[in-house]
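Dear colleague,

I am writing to hand over the structure shown here, together with a short account of what was found in it. Please look through it before reading the notes below.

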Amino acid sequence: MTEKAPRKTVERRGFFTKIGIGSAAAVVAAVAGKPEQAEAVIPPAGKGGSHYQESEHVKQYYRVNRY
């Protein structure tokens with residue numbers, strides 16, 4: 001007599017339970033791992049401000065492109 005091996009079936013309930021638990025864990029990890037608000041860096045005196053200089057090559061660029 002030959003015995004048949006039991007068939008492996010995918011249980012839907014088990015599958016959906018695992019999906020539900022996995023998604024809940026992902027939401028908890030996302031909420032718990034929220035970083036703190038960063039503080040703005042204030043540049044030292046003399047280093048801040050505009051560094052734009054309208055040099056000769058910039059003026060030529062504006063002339064060529066008619067700005």
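The notes below begin with the chain as a whole and then turn to particular residues.

Please bear in mind that this is a predicted model. The chain contains 2 helices and 0 strands. Of its 67 residues, 1% are buried. The accessible surface of the chain amounts to about 7,500 Å², and carbon and sulfur atoms account for 58% of that surface.

Aromatic pairs

The structure has 2 aromatic pairs. One of them joins F15 and F16 in an edge-to-face arrangement, with 5.4 Å from centre to centre and 65° between the planes. The pair counts as edge-to-face because the angle of 65° is over the cut-off of 60 degrees.

F15 belongs to helix α1, which covers residues 12-32.

Surface patch

F15 and F16 also take part in a nonpolar patch on the surface, which they form with I19. Together, the three residues F15, F16 and I19 have about 330 Å² of accessible area.

Salt bridge

The structure contains 1 salt bridge. Side chains of opposite charge can pair when their charged atoms come close. Here the side chains of R63 and E56 meet, at 4.0 Å from N to O. Both R63 and E56 are exposed.

With kind regards

Methods:
Residues are numbered from 1 along each chain as its sequence is written. This is a predicted model: local features need pLDDT of at least 70, side-chain atom pairs count only at pLDDT 80 or more; totals for chains, interfaces and linings use all residues. Side-chain values use heavy atoms; hydrogens and water are left out. Rings of Phe, Tyr and Trp (its six-membered ring) pair if their centres lie within 6.5 Å; planes under 30 degrees apart count as stacked, over 60 as edge-to-face and the rest as tilted. Patches are made of residues with over 30% relative accessible area and no salt bridge: like charges are joined within 9 Å, nonpolar side chains (Val, Leu, Ile, Met, Phe, Trp, Tyr) within 5 Å. Accessible areas come from the Shrake-Rupley method with a 1.4 Å probe; for residues, only the protein chains shown count as cover. Helices (H or I, at least four residues) and strands (E, at least two) are DSSP runs, numbered from the N terminus. Buried means under 20% relative accessible area, exposed over 50%, partly exposed in between (1.4 Å probe, protein chains only).
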